[in-house]
Amino acid sequence: MQSDRSGVYEGLRLWVAVIAIAVIGFAIAFHFVKPAPPHTLVLATGSASGAYQAYGERFRDELARSGITLELRPTAGSVENLSLLAAGEVDVAFVQGGTEPQPPAAKAGGPGEAAPAPAAPGYAGIASLYYEPLWIFHRAELQVARLVDLAGHRVEIGPEGSGTRAVALALLKANGVDAASATLGALPAAAATDALLGGQADALFMVAGASSETLHKLLEQAGRSIRLLDVTHHEAYARNFHFLSPLVLPEGALDLGRNLPDHDVHLLAPTAALVGRAGLHDAFPALFIEAARAIFSHGGVFEAEGEFPSPRRVGVPLSKAAEQYFRDGPSFLYRVLPFEVAAVVDRLKILLLPLITLLFPLFKLTPPLYRWRIRSKIYRWYKQIRHIDGRLTELPADADRTALVGELEAVRREVEAVRVPASYMGEYYTLCGHLDWVMQRAKR
């Protein structure tokens, strides 16, 4: 009889059964866990030649390192981007502070109002990325000291759906200037620049980064045919429009050799932000913030090193995943594991509690079940032996016992073939002793 290996075999069979039950339970629970993050996302940018498109390409390269394909969708600007997010047609979008999905003219801000962008349920903020200064240029011969002086003039404020137009309308309305008191154009930045330099426009609003080629083209003419407006009430505007930050552009900051600009200029600046649609997988905000750190943390003309990405001035409430990242930093899983592996493990960890709840009673039940399985192999022969012994007792002394002896021999062969662990050999040998005793009675 194989006694030493029998316990191992029996134990393995039991543990395999326990593990199989756990795996089945795990698979059933896993079916109800939030789906794995997709491998492809759509990012709404802006005009094909604008800064958002260029930054979108850099985000695409950063996310490709984590195995994520980022598709770029050019749009008219921030207003359209927010509308696309609300409709679920894109996953993430660049959004300029102070914009909202409704037509800006119907929802323009005013003095005393907070940031026009409402806490909309269709959006989940990720991070603000950098300052986007608002540049206001006008023809040199015009006497423009404040925005109210633009009444009665031809002013280019950006195309419909752009963030520039949303901010310009809000600021002009605060100064009593609207479509009834001024001619408000809708040309894109490049065309509006040509119109201003050619005399077809009296002023223009443009939201652009310090590296914009169009901006440098205008600054080179500043002081000659056109002038850059110094927003003297920049602090007052920032108090009334909370999505704006007051900035100072120092003399020569854009080009020291050509001394651009040739004097300090006070500006107002919304922030460019990254916003996701409601329901964006929780794994992505941290991934986008990490990418934004690689792109924007070095700072710029207006941004201090490490100032961005930031949870401030996003314009919409941050997603819970973004809040957690800015509060606690990247999770341990995403620091030590590749994104795809970390995403799977992150999903599985919420199954630990139900899995432990399932395994604890199984593990507790396994030892007594194991003992019962081993002893049942021994005890079941006692029923047959007792039955044969009872029949022997009922037979007359001179009766033929050959058939009963044959049955006992069959039992002996089965007993010798059964596997019993060494720890249960005492009970096994007791069974064999009882079997021999009944065999002797039958042969007498």
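Tutor: Start with a definition: axes are lines fitted to C-alpha atoms, for helices over the stretch in contact, and angles run from 0 to 180 degrees between N-to-C directions. Keep in mind that this is a predicted model.

Student: Fine. At what angle do helix 2 and helix 8 pack?

Tutor: The angle between helix 2 and helix 8 is about 120°, and their axes are 10 Å apart. That makes helix 2 oblique to helix 8. The crossing of this pair, helix 2 and helix 8, is right-handed.

Student: Which residues make the contact of helix 2 and helix 8?

Tutor: From helix 2 there are Tyr55, Arg58, Phe59, Glu62 and Leu63. Helix 8 brings Leu287, Phe288, Ala291, Ala292, Ala294, Ile295 and Phe296. By class, the contact of helix 2 with helix 8 has ten nonpolar, no polar and two charged residues.

Student: And helix 8 with helix 9, how do their axes cross?

Tutor: The axes of helix 8 and helix 9 cross at roughly 50° and come within 8 Å. Helix 8 and helix 9 are therefore oblique to each other. On the helix 8 side the contact has Pro285, Ala286, Ile289, Glu290 and Arg293, and on the helix 9 side Ala321, Ala322, Tyr325 and Phe326. Seven of the residues in the contact of helix 8 with helix 9 are nonpolar, none is polar and two are charged.

Student: What about helix 5 and helix 6, are they roughly parallel or oblique?

Tutor: Roughly parallel. The axes of helix 5 (residues 189-197) and helix 6 (residues 213-221) cross at roughly 15°, and angles under 35 degrees count as roughly parallel. Those axes, of helix 5 and helix 6, come within 10 Å. The crossing of helix 5 and helix 6 is left-handed.

Student: New topic. How much space lies in the largest pocket?

Tutor: The largest pocket holds about 1,100 Å³. Its lining has 45 residues, and Gly50, Ala51, Val207, Ala208 and Gly209 lie nearest the centre of the pocket.

Student: Which helices and strands each supply at least two residues of that lining?

Tutor: Helix 2 (51-64), helix 4 (163-174), helix 5 and helix 8 (283-296) do, along with strand 4 (123-131) and strand 8 (203-207). Helix 2 has the largest share of the lining, at four residues.

Student: How does the lining of the largest pocket split by class?

Tutor: The lining has 23 nonpolar, 19 polar and three charged residues.

Student: Now the backbone. Which peptide bonds are cis?

Tutor: The bond from leucine 260 to proline 261 is cis, with omega near -10°. Another cis peptide bond, with omega about 0°, joins phenylalanine 308 and proline 309. Most residues other than glycine have a negative phi, and most peptide bonds are trans.

Student: Where are proline 261 and proline 309 found?

Tutor: Proline 261 is in the loop between strand 10 (245-249) and strand 11 (265-269). Proline 309 sits in the loop between helix 8 and helix 9 (320-328).

Student: What is the phi of asparagine 259?

Tutor: Asparagine 259 has a positive phi, about 55°, although it is not a glycine. The loop between strand 10 and strand 11 holds asparagine 259.

Student: Last one. What does arginine 277 touch?

Tutor: Leaving out residues up to four places away in sequence, arginine 277 touches Leu85, Gly88, Val90, Asp91, Gly122 and Ala124. Arginine 277 lies in strand 12 (residues 271-277). The C-alpha atoms of arginine 277 and alanine 93 are separated by 8.3 Å, with the two residues 184 apart along the chain.

Technical notes:
Residues are numbered from 1 along each chain as its sequence is written. This is a predicted model: local features need pLDDT of at least 70, side-chain atom pairs count only at pLDDT 80 or more; totals for chains, interfaces and linings use all residues. Side-chain values use heavy atoms; hydrogens and water are left out. Angles under 35 degrees count as roughly parallel, over 145 as roughly antiparallel, 65 to 115 as roughly perpendicular and the rest as oblique. A crossing is left-handed if the near helix is turned anticlockwise from the far one by less than a right angle, and right-handed if clockwise. On a 1 Å grid over the protein atoms alone, a cavity is a set of points where a 1.4 Å probe fits but cannot get out, and a pocket is an open set with protein on both sides within 12 Å along at least five of seven lines; lining residues have an atom within 4 Å of a point. Grid points are joined across faces, edges and corners, and a volume is the space filled by probe spheres set on the points. Ala, Val, Leu, Ile, Met, Phe, Trp, Tyr, Cys and Pro count as nonpolar, Asp, Glu, Lys and Arg as charged, and the others, Gly among them, as polar. Contact means heavy atoms within 4.5 Å.
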